[in-house]
Amino acid sequence: MGSAAASPPPTAKLTQEELKRVAAHRAVELVESGMTLGLGTGSTAAHALDRLGDLLRTGALAGVAGVPTSLKTEAHATRVGIPLLPLAGAARIHLSIDGADEVDPDLNLVKGRGGSLLREKMIEGAGERFVVIVDESKLVPRLGCTGAVPVEVVPFGAVHTLGLIRKVFDGLPGFSARLRTVPSKAAAAEEEAPFVTDNGNYIVEMFFDDGIRGDLRDISDRLLRITGVVEHGMFIGMATTVIVANKDGTVAVINKN
């Protein structure tokens, strides 16, 4: 990993939700008046939105606008009083703040288990700095160690696309992939329907018994060459800073080399 700076030892242990808040508030300390921000999605990013809203209401920050990475974030930011811009209307994104599902030793990420990976990657990739906020449970030796690696696919031929994704990892022990489903609203409770993203697409979930081994960029290229794949949830080389809240309440700030 890159260089790291740690906070002084705290006096008491915090819950995971409190740790998320600590990391989020540390990231918001990087925000300056007049900035345009990429606003992340998820439970950790939500704490950053709340903090930004508080600072704007009290006048500690002014002239800040945000580009939301999901409809959920758009609604949350509106509720707490953060002015919003569309991606096309943001001449410059100074800083993006978002959580991550996994962070590896090279600061590569898995994101998008909530389904917002495409807009997250578009907005955070367009910014000058990308600050990731996590608790230490999200640190992994390899991507794919703790759960699904999502891939957004178009609905047309989604089962066919799923088969092509499986072929990328053909013969890999412990690999599996499936379409993400949710309880159907139009049918009996026991029936399932495909999960639909804000973009009207489906999500394929890839699972690895021991994480992804191999060249991540090569694997990324192979996935993106599949017709029907829109984007995947591996954020390779994008994070500039990772802020980690540890179980003991200390905070480490890891900067990309």
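Tutor: The discussion below concerns a predicted model, and each answer sets a value against its definition.

Student: What makes L56 count as buried?

Tutor: The term buried requires a relative accessible area under 20%. L56 has a value of 19% and is therefore buried. L56 is located in helix α2.

Student: Which residues are in contact with L56, beyond its neighbours within four places in sequence?

Tutor: They are L61, A62, V64, G81, I82 and P83. Contact means heavy atoms within 4.5 Å.

Student: How do you know that the buried residues of helix α3 lie on the same side?

Tutor: The residues concerned are T73, H76, A77 and V80, which are buried in α3 (residues 71–80). They cover an arc of only 95° around the axis, so they lie on the same side of α3. On the other side, T78 and R79 are exposed, a term that requires over 50% relative accessible area.

Student: What do the buried residues of α3 pack against?

Tutor: Their partners are β2 (36–39), α2 (43–58) and β3 (65–68). Just after α3, G81 adopts a positive phi of about 90°.

Student: Why is strand β15 called mostly covered?

Tutor: Five of the five residues of β15 (residues 241–245) are buried, and the cut-off for that term is under 20% relative accessible area. T241, I243 and A245 point one way, V242 and V244 point the other way, and all are buried. In a regular strand the side chains alternate between the two faces of the sheet.

Student: What makes β15 a paired strand, and in which sense does it pair with β7 and with β16?

Tutor: Two strands pair if there are at least two bridges between them. Strand β7 (residues 130–135) and β15 have five bridges in the parallel sense, and V132 stands opposite V242. β15 and β16 (residues 251–255) have five bridges in the antiparallel sense, with I243 opposite V253.

Student: Which residues touch the most other members of the largest nonpolar core?

Tutor: This core has 27 residues, and V31, L37, L52, I82, I97, I133 and I243 touch the most other members. Membership requires buried residues of the listed nonpolar kinds joined through side-chain atoms within 4.5 Å. At least two residues of this core come from each of α1 (16–28), β2, α2, α3, β4 (95–98), β7, β15 and β16. A second, separate core of 23 residues includes V149, F175, M234 and I236.

Notes: Residues are numbered from 1 along each chain as its sequence is written. This is a predicted model: local features need pLDDT of at least 70, side-chain atom pairs count only at pLDDT 80 or more; totals for chains, interfaces and linings use all residues. Side-chain values use heavy atoms; hydrogens and water are left out. Buried means under 20% relative accessible area, exposed over 50%, partly exposed in between (1.4 Å probe, protein chains only). Helices (H or I, at least four residues) and strands (E, at least two) are DSSP runs, numbered from the N terminus. The arc is that of the directions from the helix axis to the C-beta atoms.
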